[in-house]
Amino acid sequence: VTSLELLRREFERTSAPGDHVVHTARARLMAEIELNGASRHAIRTRRPLLFKTVVVLAACGLVAAVLAFVLPGSGGLSGTEIAAAAARAMTPPQNVIRHWTSHTVLTRISPGHRTVTTIDTVNWTAGDRPYVLHERSTTSGDLFFEPSWAARQEIETTACGQVVYFPRRNLLGFDGPPESRDLSPVSDPANDYLDAYRRGAVRYGGKTTFREIASLKLVVVLDGYETTYIVRQDDYEPLQVVSRYLWQSSYSKARRNVVEVTTYSPFELIPRNASSEHLLHISPPGGVSVRGERPDRPACGFYGSLESLRRASSRK
Amino acid sequence: VTDGDAIEGSLIDGARFALVFDRHFRAIHRFLQARVGSQLADDLASETFVIAFRRRASFDRARDDARPWLHGIAVNLLREHRRSEDRRLRAFTRLAHEGPGAVPDLEPCLDPTVAAALLELSLAERNLLLLYAWAELSYEELAEALALPIGTIRSRLNRVRSKLDRRLTGLNEALVPRGDAS
């Protein structure tokens, strides 16, 4: 009997956990999923990970948070109270579509190399279930390995996945090429903030002024991102979000520091009903070419099928 | 549906992560239970999946099997419980001299000689050896779980196995109760 066989024999004596242990652990996981499961932040973090990002920014938010939260805040509120008030203000109202435009400048910096990409995006999002984010973006500057026809695209993200439409090719893809998703960094700042807040990663960064508007800074250090939200002092609506992170290409050892600055228009709230639902969906014109297949997700019914997209289009 | 598919899907719909739990929880728990006993394993196995869910965006979704990744998280959690593991191994070694009544609450698991041999390994050596022997990870999977180059895994594992062989041979003689020596 070798030492390895001896070890394995010993392990065979270990029994599997009982059902109650499995049930308790599963319940704990499901509670965590309920709290943080369908977050826009998670979608966002896919982008650098498509390139096997190596996260090196240290998540030292706890110490910073403790320091920041004892600082005097706005209108006599503590930093903790400000972070909570912002979370309440950013919680999406029921049955409402939030509409806004954004302008993002994305700068990638490596030694001796600097590229700039700008993305202008029009967004519609439903903050309550069924969650949908519909973004229509135009990218210019460094297209980052993307063909020029992919610079304009429309993405519909739901719990069932993504549908990407490229108007210059009249081409529809289910899930879309990863690079396309990389070109679509604009996300919902309110949902991102809420996600960070629930995870206890927000600290108050003090008062500031943004385009002559009295504002507050809320800083999040999470999952390799350091993100500063500049929000209006009066109603906490996001004005600008600055995000910094590091990514590493999977194809080489190249690393780049990325700085992403997104400026937002005021949020417009539209009642969500049968006549406005089309705003949340891609509605491709006739003759559209389809690349790839709709992922097989039985629970999603006919989501993403051409039929469903044409139906959405016909309601427009 | 591979684990990679489920984890990718969970980035948008978190509930899909439950599939990863259903597939691997029992194996992770069993591994942890053999290391630190069932009570602590209950907590650590549960914690492993909560941490995995929070870090799901960092999982390489090209991989079909999440087992190495999950075991990597589990052994990282074990670092904070090394004293508990050592205490437990020492208790097993006492069984050789004092019999089962000496440690009445101990779950039946490790042979005293094996426990003594494991006790003499460093935590890194123990993790490597037991992920190989108990979790049955391949060299490639060990490299993923422990974030080490595969060449390092191969050479370290050979060294640890030789060390274990030597220890087991020596300990086997030393730990046999005197009454049984004849």
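Which residue forms a salt bridge with B:Arg26? A:Asp19 does, with the closest N and O atoms 3.8 Å apart. The model is predicted. The predictor assigns the complex an ipTM of 0.86 and a pTM of 0.47. Chain B and chain A bury about 3900 Å² between them.

**Interface size and make-up**

- Chain B puts 48 residues into the contact, and chain A puts in 42.
- Of the area that chain B buries against chain A, 18% is supplied by B:Ile12, B:Arg26 and B:Arg30, more than by any other three residues.
- Carbon and sulfur atoms give 61% of the area buried between the two chains.

- Three salt bridges are counted between chain B and chain A.
- One of them pairs A:Asp19 with B:Arg26.

**The chain B side**

- Six helices of chain B each supply at least two residues of the side that touches chain A: H1 (3-10), H2 (17-36), H3 (38-54), H6 (112-119), H7 (123-133) and H9 (150-175).
- H2(B) gives the largest share of this side, at 11 residues.
- By residue class, the side of chain B that touches chain A holds 25 nonpolar, six polar and 17 charged residues.

**Confidence in chain B**

- Chain B has a mean pLDDT of 84, and 85% of its residues reach 70 or more.
- Within chain B, confidence is highest in H2(B), with a mean of 94.
- H2(B) is also the source of the largest share of the side of chain B that touches chain A.
- Helix H5 of chain B (residues 82-98) has the lowest confidence, with a mean of 79.
- The pLDDT is below 50 over residues 175-182 of chain B.
- That stretch has seven contacts in the model beyond near neighbours in sequence.

**A buried arginine in chain A**

- A:Arg108 lies in strand S1 (residues 96-110) of chain A.
- Is A:Arg108 buried or exposed? A:Arg108 counts as buried because its relative accessibility is 4%, under the 20% cut-off.
- The side chain of A:Arg108 makes a polar contact with the side chain of A:Thr117, at 3.2 Å.

How values were computed
Residues are numbered from 1 along each chain as its sequence is written. Chains are lettered from A and ligands numbered from 1 in the order in which they are written. This is a predicted model: local features need pLDDT of at least 70, side-chain atom pairs count only at pLDDT 80 or more; totals for chains, interfaces and linings use all residues. Side-chain values use heavy atoms; hydrogens and water are left out. Contact means heavy atoms within 4.5 Å. Buried area is the accessible area (1.4 Å probe) that two parts lose on being put together, summed over both. A salt bridge is a side-chain nitrogen of Lys or Arg within 4 Å of a carboxyl oxygen of Asp or Glu. Helices (H or I, at least four residues) and strands (E, at least two) are DSSP runs, numbered from the N terminus. Ala, Val, Leu, Ile, Met, Phe, Trp, Tyr, Cys and Pro count as nonpolar, Asp, Glu, Lys and Arg as charged, and the others, Gly among them, as polar. pLDDT is the predictor's confidence in each residue, from 0 to 100. Buried means under 20% relative accessible area, exposed over 50%, partly exposed in between (1.4 Å probe, protein chains only). A polar contact is a pair of N or O atoms within 3.5 Å; within protein, one must be able to donate a hydrogen and the other to accept it, and residues adjacent in sequence count only if both atoms are side-chain atoms.
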